[in-house]
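Take a look at the model first, then read on.

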Amino acid sequence: LQAVAWIRKEMQEYPCMTPICIVLKRFLMELKMHRPVNGGVGGFLLVNLVISFFKSNNTAKTTPDLGALLIEFFKHYASDFDYSRTSVAANCQDGVKARKGARKKKLDNNLEV
């Protein structure tokens, strides 16, 4: 029940969450990737991914264009999200957290980030 209350609170903060989740859920169903028992993405995971995206991107509150948000969501998890250093953490303020044991990335000039 805590999860339900948390999701409702996030839905109030991000009104565009519901239509984005519905479109993504339908997209996953079309690809037959919507059942966790078969390795797919279930509803709770999908909600967490969307909330994490909104928190880490800050465009959900300023962009009323749902199509643009959907494209940004796909871009975020396809190319922008650093899976080797961060984890989805929708309950954190910025939507992500550093992974334990993640190595710092060295830039060309040997600076660590």
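Is F73 buried or exposed? F73 is buried, with a relative accessible area of 7%. Buried means under 20% relative accessible area, exposed means over 50%, and partly exposed lies in between (1.4 Å probe, protein chains only).

This is a predicted model, in which local features need pLDDT of at least 70, side-chain atom pairs count only at pLDDT 80 or more, and totals for chains, interfaces and linings use all residues. Residues are numbered from 1 along each chain as its sequence is written, and side-chain values use heavy atoms, with hydrogens and water left out.

**Aromatic rings**

- Rings of Phe, Tyr and Trp (its six-membered ring) pair if their centres lie within 6.5 Å. Planes under 30 degrees apart count as stacked, over 60 as edge-to-face and the rest as tilted.
- The count comes to 8 aromatic pairs by this rule.
- One of them joins F53 and F54, and it is tilted: 5.6 Å centre to centre, with 45° between the planes.
- F53 is buried at 1% relative accessibility. F54 is also buried, at 1%.
- F73 and Y77 make an edge-to-face pair, 5.1 Å centre to centre and with 70° between the planes.
- F73 and Y77 sit 4 residues apart in helix α4 (residues 66-80), so about one helical turn separates them.
- Y77 counts as buried, with 13% relative accessibility.
- One aromatic cluster is formed by Y14, F27, F53, F54, F73, F74, Y77, F81 and Y83.

**Helix packing**

- Helices (H or I, at least four residues) and strands (E, at least two) are DSSP runs, numbered from the N terminus.
- Helix α1 (residues 2-13) packs with helix α3 (residues 43-57) at about 40°, and their axes are 12 Å apart.
- Axes are lines fitted to C-alpha atoms, for helices over the stretch in contact, and angles run from 0 to 180 degrees between N-to-C directions.
- α1 and α3 are therefore oblique to each other. Angles under 35 degrees count as roughly parallel, over 145 as roughly antiparallel, 65 to 115 as roughly perpendicular and the rest as oblique.
- A3, W6, I7 and E10 of α1 make the contact with F44, V47, N48, I51 and K55 of α3. Contact means heavy atoms within 4.5 Å.

**Cysteines**

- The whole structure has 0 disulfides. A disulfide is a pair of cysteine sulfur atoms within 2.5 Å.
- For C16, the nearest cysteine sulfur is that of C21, 9.3 Å away.
- C16 is buried, with a relative accessible area of 10%.
- C92 is partly exposed, at 24%.
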